[in-house]
Amino acid sequence: MTEHLEKEIQDAQEAVTKQGDTVRSLKASLKEGKSEKAEVDAAIQKLAELKIVLEAKQKEFEKATGKVSAQSKEALRAALAGVLERRMFYIPSFKIYGSVAGFYDYGPPGCAIKQNMTQTWRNHFVLEENMLEVECPAVTPEIVLKASGHVDRFTDFMVTDAVTGECFRADHLLEGHLEALLEDKKNPPSPEKTKEIRELLASVGELKQDTMAAALKEYNVRAPGTGNDISPPFPFNLMFKTSIGPKGDLVGYLRPETAQGIFVNFRDLLYYNGGKLPFAAAQIGNSYRNEISPRAGLLRVREFTQAEIEHFVNGADKSHPKFASIAGLRPLLYSRALQMGEEKKAQPMSLGEAVEKGIIANETLAYFIGRTWLFFIKVGINPERMRFRQHLQHEMAHYATDCWDGEVETTYGWVECVGLADRSAYDLKAHTSMSKIDLTAFEKFPEPRMEEVVKVVPNNKELGAVFKKDQKAVKEALEALDECGAMELKSKLDAGETAKVAASTGQTFDIKPGMVEIKKVTEKVTGKTYTPSVIEPSFGIGRIMYCMFEHSYYTREGDETRAVMGFKPVVAPTKATVFPLVQKPALNELATKISRDLTSAGLSNIIDTTGNTIGKRYARTDEIGVPFAVTVDFASVDGDGSVTLRERDSMAQVRVPQSEVASVIRNLVDDRMTWGDVTATYPAQKAQADDE
C-alpha cells in the first residue's frame, strides 16, 4: 500500500514538472506568434489542477501512514537542513545579532568541502586545460561595469513599506499575494477571477515597471507583516556601491561577477600566451549581488563564490582540438526542440551527434558541456538528476550565439548551477569602445595573399569645419566601423542620404556625403586583425555544494534517525577517522601514529579516543560524510599488526597492514583505486561494530 502511494506521488510530481515545461514552451511560442493566448491559459489551468492532485496524494499518504512521504520535498529539505546546521556545514552569518538575510558562514566541514571542491575544479579545468589563472580585485571602478552594461541594466523591481521603509522585491511580493488568494479557503475567488489570477501569476517575471505597478495596485498588495501601503515599483541596481579613495570621488562597486576582471586583462593575457589563440583564462573568487529578498539558503545569496572560464577563440573557427575525447559522452540534453515538443523531457545524446546536427552551436561549447558533466559526476552530483537546458530564443542575449544551463534537480526544482554561453565578441568590443584600448588579436597567414579590403578615409577638413571640437570623436567612430557597417554607410551616402554614426561618447552624429570616402581596394595582406569570440562556462560553487548535499544525503535502511552524507572522497571534508576500539594506552598510541601517517600523506583525519561505543563513533562521522574509518584493536598491537578499514556507504570492513593503510586511503581519495580493488586485495573483517 505504502509503495503504491509513493509511486502515485512520484508520477504526480513528474506530471507537474512536465506541465510546467509545457507552460514555458507555450509562452515562448506566444512571444513568437506561434501559439494563441487561449492555449497558454489552458496549460496554466491544467498545471494548477495537477498541483492539486499532487497535494491530495501527499495528504492521502500522510493520513494512511502517519508519516511524510519520501517524495515530500519539504520533509527532505527540513531533515537535511537539520544536519547541515547542527554539524555546522554552514550557518546564518552574524547569528548572535539576529543574522542578515543572504549571508552564510561556512563551518569547519563546510570550509573543507568548499576548498576541496574549488581545488577539484582547478585540477579538472585549469590544470587539465592549461588555462591562465588570474585573481582580480572585488572592488571594481564604475567605468568597467558601465562598459559591461551592469550599471544600466543589472536591476530588479523593488517596493518599500510606506511607513517603515522596509524593502521588498516586487515580483516576489506579487507572487506571494496571488498564491495566497488562490489558497484562500474562506473567501475563494470566483472561477473567472481564479483564471485571471493564474494568468497573471504565470507572467509575473516578465512584467514591465508600469504593468507591475498596475497589478500591485489592482490586487491591493500591501507590505508583509505591517499591512501598510507600498510604494510604486522602481528599478533597483543589484550591485553594492562603494567609493574608492579618501575623498570618495571615485565610484566603485563590489563586482557582480568575476568575468570582467578577465576581459580587461585580455591584452596582457594574450601577450603572456605568446599572441596565440585559442586560450582560456580562469578565475575563482567571490562575487556580490545585493539581492532584495534572498531565499532558498545557498541558492540565492548576497555573497557567493564563482569559478569562471573565458575561452577566447577566433570566431571563424570554434573547433576544439580535444573534442574527440568527449564526443562520445551522453549527458541529458534538453534542447529547444525538446522543450517545445510534446514530451517535455531531456534526453541523453552524444555530444558529437549534438554538434553534427547543429543542436549545440560548435565544438568548443560542446567540449565544455562535456567537461562540466564529468566534473559534476566527480564531485557527487547524480548524473540522472542533471541536465543541460538550452536557452529558448527569447531567453538569449542579443549578442549570444548559443547558451546552455547546467541544471540539477533538487527539492527546489531544477536549479541552474552553471551557465555555458557563446558570447561572441560582445565583451571585448564593449571594453574596446569604452577604454579606447585595442582588444584584438592578429592572425598571421602562412603565406601573404591578395584580398579585397574596405578602406574608410575620413575627410578631416570637412569634419573639422562641421563638428569642430567633436571632430576627433566622429573620426574615431568612422574608423572603428567594421566592414558591414562601413558598406552600409557607403550605400546611404552614395544615395545622397544622411547617415547616423554613434561615437563612444554616447553622442550620435549625422554624416553627409563628402565627409568620408569608403572604398574597396585589393591589397597584399600577411594576416588579419579580429576581435576574438569568447565561450564562457560560469560555475556557482555554493549552488553546486547545496545540490551535492541533497544528492549525498540519505538515512540508513531500517533506521531513519541515522543520517549519512555520502560525499565522494575527493570532496569529503575529512578523509578518514581513526578509532582505538577501547580506551587502552597501547591502542591510543598506535592510533596516534596512524593519524600522523595519514596527515603526512596529505589526508585530513580525526582521531577519536572518546569512551563512546565504536558504533556511535561511526554514526557521528557518517553524518559529516567521512568516507573511511580505521579501527585499532588488540590484534593491531599484539597480533599481525593489521587494522580494520571501513567504507562508509557499504559499511564493509577489511584488514589492512598498518604500514599500508595511509597509501590505500590516499589511492582511494585520488581515484587510483576503488573499494572493489581493496576488498579483492585484503581479507574481509566481519562488520559488527556498527550495531555496538
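## A helix to start with

Several residues of α4 are buried, including P109, I113, W121 and F125. Buried means under 20% relative accessible area, exposed over 50%, and partly exposed in between, with a 1.4 Å probe and protein chains only.

## What kind of model this is

This is a predicted model, in which local features need pLDDT of at least 70, side-chain atom pairs count only at pLDDT 80 or more, and totals for chains, interfaces and linings use all residues. Residues are numbered from 1 along each chain as its sequence is written, and side-chain values use heavy atoms, leaving out hydrogens and water.

## The whole chain

The protein chain has 24 helices and 29 strands, and its C-alpha trace spans about 100 × 70 × 60 Å along the principal axes. Of its 692 residues, 47% count as buried.

An automatic or database assignment supplies the domain bounds: domain 1 (2-71), domain 2 (155-237), domain 3 (448-527) and domain 4 (574-681). The centres of domain 2 and domain 3, taken over C-alpha atoms, lie 51 Å apart.

## A sheet of nine strands

Look next for an open sheet of nine strands, in the order β3-β10-β11-β21-β16-β15-β14-β12-β13, with mixed pairing. Its edge strands are β3 (132-133) and β13 (347-348), each of which pairs on one side only. Two strands pair if DSSP finds at least two bridges between them. Strands β16 (residues 413-422) and β21 (residues 533-540) run antiparallel and are joined by five bridges; in β21, I535 is the bridge partner of D422.

Helix α14 (residues 363-379) packs on this sheet, touching β11, β14 (386-390), β15 (402-410), β16 and β21. Its direction makes about 145° with that of β16. Such angles run from 0 to 180 degrees between N-to-C directions, with axes fitted to C-alpha atoms and, for helices, over the stretch in contact.

## Two nonpolar cores

A nonpolar core is a set of buried Ala, Val, Leu, Ile, Met, Phe, Trp, Tyr and Cys residues joined through side-chain atoms within 4.5 Å. The largest one has 64 residues, and W121, I360, F376 and F549 have the most contacts inside it. Helix α14 gives the most to this core, with nine residues. Apart from it lies another core, of 25 residues, among them A576, L603, V643 and V678.

F376 touches I381, M386, V408, C417, V418, F539 and I544, leaving out residues up to four places away in sequence. Contact means heavy atoms within 4.5 Å.

Another open sheet has three strands in the order β6-β5-β7, with antiparallel pairing. Because β6 (167-169) and β7 (234-237) each have a single partner strand, one side of each is left without a neighbour in the sheet. The twist averages 55° from one strand to the next. Within the sheet, V159 stands opposite F168 in β6.

Helix α7 packs on the sheet, touching β5 and β6. A170 lies in α7 (residues 170-183) and counts as buried because its relative accessibility is 0%. Beyond neighbours within four places in sequence, its contacts are F157, M158, V159, M212, L216 and P233.

Conventions: Helices (H or I, at least four residues) and strands (E, at least two) are DSSP runs, numbered from the N terminus.
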